Amino acid sequence: MKVTKKDMIYEGKGKKMWSVAEDENLLVAEFKDDLTAFNGIKKSSEKGKGALNNKISTQLFHLLEKNGIKTDLVETINDTEQVVKKVKIFPLEVIARNIATGSLTKRLGIKDGTVLPFTLVEFCYKDDDLGDPILNDDHALLLGAVKDKNELENLRQTAIKINKILKEFFATKNLKLVDFKIELGKDKDGNILLADEISPDSCRFWDAKTNEKLDKDRFRQSIGNVKVAYEEVLRRILS
Ligand code: 5GP
């Protein structure tokens with residue numbers, strides 16, 4: 001599909017969003033090579049990272065669509081760009097976890113690597129100034145982040161469904177899906193769509209046999225070979 005990028009309407013840590021001359025309900029999402037962690041305090045760039053995330057996210061969105069999840073993806077048009085439906089993003093990071101690590105371990109003292117007895121879903125408030133604080137349901141309602149309890153439950157169940165599809169898929173690729181963050185939005189007709197991306201920037205993947213980390217924790221923890229790990233994730237997805 002041929003679209004003409006008009007104005008850059010938003011630049012985030014991982015992506016630039018452009019309006020489209022031909023259709024006000026579409027946007028172009030451009031994946032950047034920038035790497036950031038700890039709320040933007042640690043910064044770097046890895047040439048080709050944006051293209052890898054674009055490829056990985058495209059594959060995963062297609063897999064999810066095939067399994068009944070509605071997404072904002074219209075078409076991936078080149079190495080670093082996708083045409084997506086315009087949505088109003090809920091100001092929430094929706095996190096699903098299968099194995100304890102990261103902030104869960106720090107917050108609750110659950111031993112790193114503990115397999116959780118059920119899919120844990122958490123909501124964080126998307127606000128860099130506040131450091132994306134974790135919210136309970138009442139907080140989310142109080143802040144008006146969702147319309148009502150039903151809508152919040154809808155987001156929770158969507159995350160659980162996405163987790164089941166992805167976890168089973170990655171198990172066939174010898175990868176453990178440890179946890180992930182997704183963003184959900186509402187289109188002009190009120191449909192809730194998966195938006196943003198699903199990539200090693202927003203998920204944790206551990207090798208099923210060795211538990212080697214194949215995600216952004218390699219950058220956060222200065223392990224190195226970040227791009228090699230992302231390439232390995234893409235190779236396994238395509239295998
Ligand atoms: P944690 O809360 O343990 O730091 O992160 C849980 C999961 O959500 C991890 O897979 C992590 O990559 C993802 N995540 C949490 N916050 C963010 C964020 O601000 N941006 C991105 N891209 N991923 C995040």
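Visitor: Where is the place of N225?
Guide: This is a predicted model, with residues numbered from 1 along each chain as its sequence is written; local features need pLDDT of at least 70, and side-chain atom pairs count only at pLDDT 80 or more. Totals for chains, interfaces and linings use all residues, and side-chain values use heavy atoms, leaving out hydrogens and water. Helices (DSSP runs of H or I, at least four residues) and strands (runs of E, at least two) are numbered from the N terminus. N225 sits in the loop between α5 (217-220) and α6 (226-238).

Visitor: Is N225 buried or exposed?
Guide: Buried means under 20% relative accessible area, exposed over 50%, and partly exposed in between, with a 1.4 Å probe and protein chains only. The relative accessibility of N225 is 53%. That is over the 50% cut-off, so N225 counts as exposed.

Visitor: What is phi of N225?
Guide: N225 is a residue other than glycine.

Visitor: Which loop holds N39?
Guide: N39 is not a glycine, yet has a positive phi of about 55 degrees. It is partly exposed, at 38% relative accessible area. N39 is found in the loop between β4 (34-37) and β5 (42-45).

Visitor: Which residues is K16 in contact with, leaving aside neighbours within four places in sequence?
Guide: K16 is in strand β2 (residues 15-20). It is partly exposed, with a relative accessible area of 22%. Contact means heavy atoms within 4.5 Å. On that basis K16 meets M8, Y10, E11, V28, A29, E30 and K32.

Visitor: How many Å apart in space are D138 and K213, C-alpha to C-alpha?
Guide: D138 belongs to helix α3 (residues 137-142). It is exposed, at 51% relative accessible area. In sequence, 75 residues separate D138 from K213. Between their C-alpha atoms the distance is 35 Å.

Visitor: Which residues touch the most other members of the largest nonpolar core?
Guide: A nonpolar core is a set of buried Ala, Val, Leu, Ile, Met, Phe, Trp, Tyr and Cys residues joined through side-chain atoms within 4.5 Å. The largest one has 47 residues. The residues touching the most other members are L92, I162, L166, I182, L194 and I198.

Visitor: What is the radius of gyration of the chain?
Guide: The radius is taken over C-alpha atoms, and the globule rule is 2.2 Å times the number of residues to the power 0.38. For 239 residues, a compact globule would come near 18 Å. The chain agrees with that, at 17 Å.

Visitor: What share of the contacts in the chain with a separation of 6 or more comes from residues 24 or more positions apart?
Guide: The chain has six helices and 14 strands. Of its 239 residues, 49% count as buried. Among contacts with a separation of 6 or more, the share from residues 24 or more positions apart is 56%.
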